[in-house]
Amino acid sequence: MKAKVSKYAGVARQAEAALGSRIQVQGKSVETFGPESHIRGVGRPSLGFNSPVSFTHTSASGGAEIIKLGDATGAVASQASYAAITNYDSGTPYSNTVLNDLLRNGMEVGLVNYEVGAASQFNSAIDYGSVNHGGSFATRPIQNTVLLSKRNTQQNALLLTLDFSGQGIVLDVFNAVFITCAASATITQWTMLPSAVVQ
């Protein structure tokens, strides 16, 4: 006796095949083979700098200390003839060395929360330096941004929000910010919010 074949035989497999060709993951189609799914054309994810980075620092009593953000190779600092560069005490999420190494893939600085232990620290120099492959060097003070900044609240005169948006302050291997922390002074926080990731 010949077995009857259901008219629904193979329908599930056909539906699965059709569904697999229509599913999109991050804009790429998914093909299903049994229990496995294979994603085609999805490359390595790149998060860049998409969240704030921060540091704190207290200088020794013997003299002012200069903190460098960017310039992983040291080329900018060498052309600027800074006598010494000091790593900041504590950073979130990275140490000064690790952050500067990550800044080989540059970021453009947007807003900065700058909080100090005493208002006199606001008068300490903040410089932006740049070099090129040929050894040309340029630097400019960006202290005016501190002097023109509005206080976050009337209750905290030691916290300023600096707006570097549109000023082209890029941190990478050719460009760096040098922040002077006066002798025995404290930078309670320097928290940078990137405005762009530089490719």
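In this predicted model, both F55 and Y88 are buried. The two residues form an aromatic pair of the stacked kind, with 4.7 Å from centre to centre and 5° between the planes. Because F55 belongs to strand β4 (residues 53-58) whereas Y88 sits in the loop between α2 (75-80) and β6 (90-92), the pair ties together parts of the chain that are 33 residues apart in sequence.

A second pair is made by Y114 and W190, whose ring centres lie 5.1 Å apart with the planes at 70°; since planes over 60 degrees apart count as edge-to-face, the pair is assigned to that class. This pair, too, links distant parts of the chain, given that Y114 is found in strand β7 (residues 107-116) and W190 in strand β14 (residues 186-197), 76 residues apart. With a relative accessible area of 0%, Y114 is buried, and W190, at a relative accessible area of 2%, is likewise buried; both assignments follow because buried means under 20% relative accessible area. The structure holds 4 aromatic pairs, and F55, Y88, Y114, F122 and W190 form one aromatic cluster.

With regard to the chain as a whole, the secondary structure consists of 4 helices and 14 strands. Of the 199 residues of the chain, 34% count as buried, and the accessible surface comes to about 11,800 Å², of which carbon and sulfur atoms account for 54%.

On the surface, a nonpolar patch is formed by Y94, V98 and L102, which together have about 230 Å² of accessible area. Of these residues, L102 lies in helix α3, which spans residues 96-102. L102 has a relative accessible area of 34% and is therefore described as partly exposed, because this class falls between the limits of 20% for buried and 50% for exposed.

As to the confidence of the prediction, the mean pLDDT of the chain is 80, and 70% of the residues reach 70 or more. Over residues 19-44, however, the pLDDT is below 50, although this stretch has 30 contacts in the model beyond near neighbours in sequence. Where pLDDT is low, the predicted coordinates should not be read in detail.

Notes: Residues numbered from 1 in each chain as written. Predicted model: local features only at pLDDT ≥ 70, side-chain atom pairs only at ≥ 80, totals over all residues. Heavy atoms only, no water. Patch = residues over 30% accessible without salt bridge, like charges linked within 9 Å, V, L, I, M, F, W, Y side chains within 5 Å. Areas by Shrake-Rupley, 256 points an atom, 1.4 Å probe, with all protein chains shown as cover. Salt bridge = Lys/Arg side-chain N within 4 Å of Asp/Glu carboxyl O. Helix = DSSP H or I, 4+ residues; strand = E, 2+ residues; numbered from the N terminus. Buried < 20%, exposed > 50% of the residue type's maximum accessible area, 1.4 Å probe, protein only. pLDDT = per-residue confidence, 0-100. Contact = heavy atoms within 4.5 Å. Phe/Tyr/Trp six-rings, centres within 6.5 Å; stacked < 30°, edge-to-face > 60°.
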